[in-house]
Amino acid sequence: MSDSVDRSTKINLLKEPLVKKLCDVLDKSSSKGWRKLGEIVGNDRRVKVSSDDMEMCSLKVLQLEGSPSRMLLRLMGERGCTMGHLSDYLHTLGNSEALNCLKSSALQIVIQPQSVALISGHNLRLSCHAVGKSPVQYQWFKAKEEISNSFSPDLVISPVHLKDAGFYICRVNCGDTFEFSQWAQVDVLNVNTSSSYGHGFYSLEGRLKVVIQPQPQRLHGGETLQLECGAVGRPIPRYQWHRNGVPILNATKRKLVVRRRCYWFNNSAQNFFFCLIQDFFFFFLFNSTTDKVALLIGNLSYQNHPKLKAPMVDVYDLTNLLRQLNFKVVSLLDLTESEMRNAVDEFLSLLHKGVYGLLYYAGHGYENYGNSFMVPVDAPNPYRSANCLCVQSILKLMQEKETGLNVFLLDMCRKRNIHDDSAPNIILRVTANIVFGYATCQDAEAFELSSSGFTNGVFVKFLKKRLLDDEKITVVLDRVAEDMGQFDATKGKQALEIRSSLSERRALTDPILPGDSADLAQVHSRQWAKAHKLPESMCLDFDCGAQIKLGFAAEFSNVLVIYTRIVKKPEDMSFCQAHDLDVDPKEMNRETPEETGIYLLSSSLPQHCLYTRLSSLQKLREELVFTVCLQGTFIAMDDDPIHWTKSVNIGKPLIARLDLHQAVRRNSCLQTCLMPHSPSVSPCHSPGPEHHQLHLHHQGAVGGSGESCYDNVSHSCYEAQFNSAVGLSSSPGRLSIPIETTDDINELQTVFINSLQLQQQ
């Protein structure tokens, strides 16, 4: 392929004209088309295509302008297929016409014109640059009309006027070969002093600038209200009008027309708009959400499977980053099956229309028939789907909440579980707001770095560097994938896989704005706050005159840190020490956070205290009561210490208030993931460790166990209840990440091409 595209290029990076040409060839061929190509690919272990995938491709013929070949190429691209792989497959297929599509063109456009909005009277410049094997010639068009004397790579209109607004395209010729650039939209705003924002003269590069603000008006009954806003920038701004914080359907133009009987007046203090029926109109040039909620689960202390280290660090780091983005974060460690299901149930209760929902899971996992399963810490050996949580079933329940964005970050292995032959038939809605970020490719393993201390897994190591970027979430994940690809330790072993149906620029940095469910949002906020309320700091006064202060901190939503220090002691007391009587001092009541397993929060805690770490709070059934013991000796007395005690009741702290230990309740994800096997009839062989350690560094001991210390706490019961999912048999289903995309210029493209064909005839 010396005259072809680079063999290492991923096919999902191919340009649209080449993809369309290739799909047209494969769709129309019966003996050497997409079906035969799928059979060839299915027999190759490098890029696996299943019979379910082929059935999904065949259904595309039922859609208007649907292409089975395009669906097949998309699936191949998601699974790492390169141009070299595709060329080999087409050689085996024997389709020379399809192979010719891969030959590199004698002409290539390297700079595409960009859409822009600018002020009338400014200078317009659109650029299109191409390279070829012979001299390149240019011709610019506005819609389907040639622009006279426009033969250079740069189209300059100076000054630009309102009549120059429209769609532009450039045709590039190189000998007998020609290519068209992408369309560029030009929006020209007529700005005067009274309606401009500032002076109205701005650079077109960088951040957008609002230059036309909606103006207050006074209308008579029955008159039409017309509001206008405008902004300049490159790329061209997009608009969305809102009323009372709620997006107005189809109000995406610069001008808004409202026909209703109402009166408007100007409030001199704020210059806002108010209707007698209490309607506020305003606009946004960015996406927004009604709320942001994230559930982060890290399972590491498995009862019947190899233990992990990285999930604790990964969940902690992502929690802090997501909170900077104003997410309501629930972060949990080491959950059993019933606890995971109830945690998901609580997560779903925080979702409503327009909310951004994010689920991150780190731990053991597997993938069967396109469905991903998260493994609880109490999963038997071996485990099956009945013992695990199906991610796609959670997505189905999230869709029922009409969320604005659904993001799944799965930091787990995706190897097939040979002991589980069930396939849940989960039918998902067609929504353009789903993003999956898999830490590794299909049928591959995810690694954590082996070291003597605590460190991130490979995925989060690179994700945390990009998570705060103000970019579309898929762009962020693309950059993470590129970063991971440059990491020598995992090159060829682990690669990030992204699946998305996102058609809008949705970012984790999008602002939170009130919607039409503001009251419901407040209820959800109170529910979240309930699970994250820390006990108030308190001072304990003892009869001897000493005073002890107790402070509390949350390392995770189910991990509480108690720190104790003596703030006052009698002058005649020579020795004074305090600790929790109900906790083994050898395990807790340590002089440094690290000694008690508090590695991640240690820098945020006050110094010179005794520290105790209580984990697995979700198992707490009653109020947490413990005894604080003070012992001391006085100068005038012998050396035998005197003991004083006080009982402390801090209620149910943090996540304990939600009673996740209970049997699976309400609309759990269990209901959408019915499995045919009970744990009691599971096979007797384990699929083995799925989340392997990658020995990139010296394997050393890890300080601090971080285990639960509840056994000695008084008046509390911590026995967990485990419930397994048992259901009816389901027929195998297809993996279907619904894809919904839009193209505003499809119609214009068709008209333009047809006009060129007529001119040639």
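Q: Is Phe436 buried or exposed in this predicted model?
A: A residue counts as buried when its relative accessible area is under 20%. Phe436 has a relative accessible area of 0%, so this residue is buried, and Phe408, likewise with a relative accessible area of 0%, is buried as well.

Q: How many aromatic pairs are there, and what describes a pair of aromatic rings?
A: A pair of aromatic rings is described by the distance of the centres and the angle of the planes. The count here comes to eight aromatic pairs. In one of them, the ring centres of Phe408 and Phe436 are 4.9 Å apart and the planes meet at 10°, so this pair is stacked.

Q: Which parts of the chain does the pair of Phe408 and Phe436 tie together?
A: Phe408 belongs to strand S26 (residues 405-411) and Phe436 to strand S27 (residues 434-438), so the pair ties together parts that are 28 residues apart in sequence.

Q: What are the distance and the angle for the pair formed by Phe462 and Phe487?
A: The centres of Phe462 and Phe487 lie 5.3 Å from each other, with 65° between the planes, and the pair is edge-to-face. This pair links distant parts of the chain, 25 residues apart, with Phe462 in helix H10 (residues 458-463) and Phe487 in the loop between helix H11 (473-485) and strand S29 (497-500). Both Phe462 and Phe487 are buried.

Q: Which residues do ring pairs link into a cluster?
A: Phe141, Phe178 and Phe180 are linked in this way.

Q: Where does the charged end of Arg414 sit?
A: The charged end of Arg414 is placed over the ring of Tyr438, 3.7 Å from its centre, while that of Lys646 sits over the ring of Phe542, 5.9 Å from its centre.

How values were computed:
Residues are numbered from 1 along each chain as its sequence is written. This is a predicted model: local features need pLDDT of at least 70, side-chain atom pairs count only at pLDDT 80 or more; totals for chains, interfaces and linings use all residues. Side-chain values use heavy atoms; hydrogens and water are left out. Rings of Phe, Tyr and Trp (its six-membered ring) pair if their centres lie within 6.5 Å; planes under 30 degrees apart count as stacked, over 60 as edge-to-face and the rest as tilted. Helices (H or I, at least four residues) and strands (E, at least two) are DSSP runs, numbered from the N terminus. Buried means under 20% relative accessible area, exposed over 50%, partly exposed in between (1.4 Å probe, protein chains only). A charge sits over a ring if NZ of Lys or CZ of Arg is within 6 Å of the ring centre and within 35 degrees of the ring normal.
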